[in-house]
Amino acid sequence: MTTSAAARDQHLDELRALMAAHSPPIHALLVPSEDAHQSEYVSERDKRRQFISGFTGSAGLALITAKEALLWTDGRYFLQATQQLSDRWKLMRMGEDPPVEVWIADNLLDGAVIGIDSWCISVDCAQRYEQAFLKKNQMLLELSSDLIDEVWKERPPNDALPVNVHPVEFTGRSVAEKIKELREKLQHEKATAIVITALDEVAWLYNVRGDDVHYSPVVHSYAIVTLHNAFFYVDKRKVTNEVENYMAGNGIDIREYHMVQPDVSLLSSGQLQGSVVNGNLHVEKDIKGQEHSKIWIDSNSCCLALYSKLKQDQVLMLQSPIALPKAVKNPMELDGLRKAHIRDGAAVVQYLAWLDNQMQEHYGASGYFSEANGSQKKEHLEKVKLTEVSVSDKLEGFRAEKEHFKSLSFPTISSVGPNAAIIHYSPEANTCAELDADKIYLCDSGAQYLDGTTDITRTVHFGKPSEHEKSCYTAVLKGHIALDAAVFPNGTTGHSLDILARTPLWKNGLDYRHGTGHGVGSYLNVHEGPHLISFRPSARNVPLQASMTVTDEPGYYEDGNFGIRLENVLIVKEADTKFNFGAKGFLSFEHITWAPYQTKLMNTALMTPAEVEWVNLYHSDCRKILASYLNDEEKEWLRKATEPITMSS
């Protein structure tokens, strides 16, 4: 989806005309990044904020008034947004500039009308905005249609890609088990029903997957589960006979996707009619005279359009009861994740060995192992040109050969030199950089396999890195090791652990503008909550638990020069400690990502003996674990890449 700057300017003018002509007139229009399920990654037809602003990052919020166009985004995207926004837009830096609701309350007139597509805003967000708007009696207006769609004449179609049943051999638990457990939680909270809106939660609960969103194997769908019935709201064109029989066999009614809103209204009034169960027709009615009639929603993922159909006094607003069971992996999911990461690590090693050879052969680079001065760029007699996109395509090819491969898990961040300083850089074939033996290369990539989702970052240099680059890389590595080696009591949150990865950088006056770790799905979203390791306040909400997955990815980015990031996926496990203070129990991490760290980028004089030992043990394990997936040349490359390092004075 590419639109010229001139076309975007025209769309902005058309949008403002629609805002002025609306009854009542709209003084400001909010355009979120999210879809009707509050997804981080959305389908092409749901990229409304990208369409109107030209900014392609996954996180951001646009605000359009009669005179101004502003875009809020977080620290991962400051540099990218600066490059992509036209001069008609103003970048608002989250954490530095006022939040959007504060800006509106301070800058728009009393009684101003702020329009929003109520499908694309969460209950949490809407309530926060409405509270801020009270200051000047401003109004958040739920629009009957999305104004962006009215100016987006070539909006991509709604394709009917099939729903797939995800077998129990990968999920580890049946739908019947999951629904039974969910109903027990409903009863515990004195609720009669739950409306499930997050795509990965519906997919996890019903053990289905799909292809509706690039990189995330989810289906555009909703679920309603009551004490007696279960409903699956989906475009029925996507439902095969197999899926129809599967759902019927599990007592799940399939309804058309667009029926979810009227059905929530019926649920609210106690009139939602379900399937025949044991010969009895169930209608979900309020239990008169009891509190046992609450309807559960997660206000962080439920949209305003559905919430507005419920009576406020019947709503139970709590974190989804699916979030934790999905995040805490069962033994079969953990086994699948470990296996997927081994195959994925082999693909990354094959790629690095291939790229090392190509850089030496076609660019005269000293290579992955040597620090010989400079590079002698060879004449391109064979017309070979390595670009950020062409090499990442090769990496995808290595992954595609592996068992259970389905797709990438996000667009590969293949970035050279200054581009590596753009934290979530996304190279385009016609504008991306050529590889350069004299510059750092950062590659953050991952894949979707039927048995697990992967996410790995390695940073390398094929020439002679500067001492500054080495010291920065070593600081990032030290933080990466510190988090990996952490032992901590049960009840500890990612907010408490985040400092471990930053301390070595802070000692040098360095830092990074992103979180340190996120959960990873089991053949689901590569970014999975509800836990995270971050400085953000939300990281205080959920303690880490055994069998969760989380990434370990500190970094350092120097605008205009280079970027460094190192990332492994970890599994939280019970720690074997000598003592057990307060009978709390202690936790630690198991890394399941396997690919070498470039030793020539390490300044071992800055490392402790324990850190050197950690690297050597990790590299020794890499050799043993990956050997059977590699040919002789690749094994030899890996042997060399994992040779033990020693302390230097």
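Asn-207 counts as buried, because its relative accessibility is 2% (buried means under 20% relative accessible area, exposed over 50%, and partly exposed in between, with a 1.4 Å probe and protein chains only). This is a predicted model, in which local features need pLDDT of at least 70, side-chain atom pairs count only at pLDDT 80 or more, and totals for chains, interfaces and linings use all residues. Residues are numbered from 1 along each chain as its sequence is written, and side-chain values use heavy atoms, leaving out hydrogens and water.

Let's stay with the backbone for a moment. Most residues other than glycine have a negative phi, and most peptide bonds are trans. Asn-207 is not a glycine, yet its phi is positive, about 55°. You can find Asn-207 in the loop between α9 (199-206) and β9 (208-209); helices (H or I, at least four residues) and strands (E, at least two) are DSSP runs, numbered from the N terminus. Tyr-215 also has a positive phi, near 80°, and sits in the loop between β9 and β10 (221-226). Tyr-215 is partly exposed, with a relative accessible area of 31%.

Now for the cis peptide bonds. One runs from Ser-23 to Pro-24, with omega near -5°, and Pro-24 belongs to the loop between α1 (5-21) and β1 (28-32). Another joins Gly-529 and Pro-530, where omega is about 10°; Pro-530 is in strand β25 (residues 528-533).

Next, look at a sheet. Strands of a sheet pair through backbone hydrogen bonds, either parallel or antiparallel. Here, three strands form an open, antiparallel sheet in the order β17-β20-β21 (two strands pair if DSSP finds at least two bridges between them). Its edge strands, β17 (405-408) and β21 (452-453), each pair on one side only. Three bridges link β17 to strand β20 (residues 447-449), and Ser-407 has Gln-448 in β20 as its bridge partner. Helix α15 (residues 388-400) lies across β17 and β20, running at about 160° to β17.

Finally, visit the second largest pocket. On a 1 Å grid over the protein atoms alone, a pocket is an open set of points where a 1.4 Å probe fits, with protein on both sides within 12 Å along at least five of seven lines; lining residues have an atom within 4 Å of a point. The second largest pocket is lined by 24 residues, and Ala-36, Arg-45, Asp-46, Arg-155 and Tyr-257 lie nearest its centre.

Technical notes:
Contact = heavy atoms within 4.5 Å. Axes fitted to C-alpha atoms, helices over the stretch in contact; angles between N-to-C directions.
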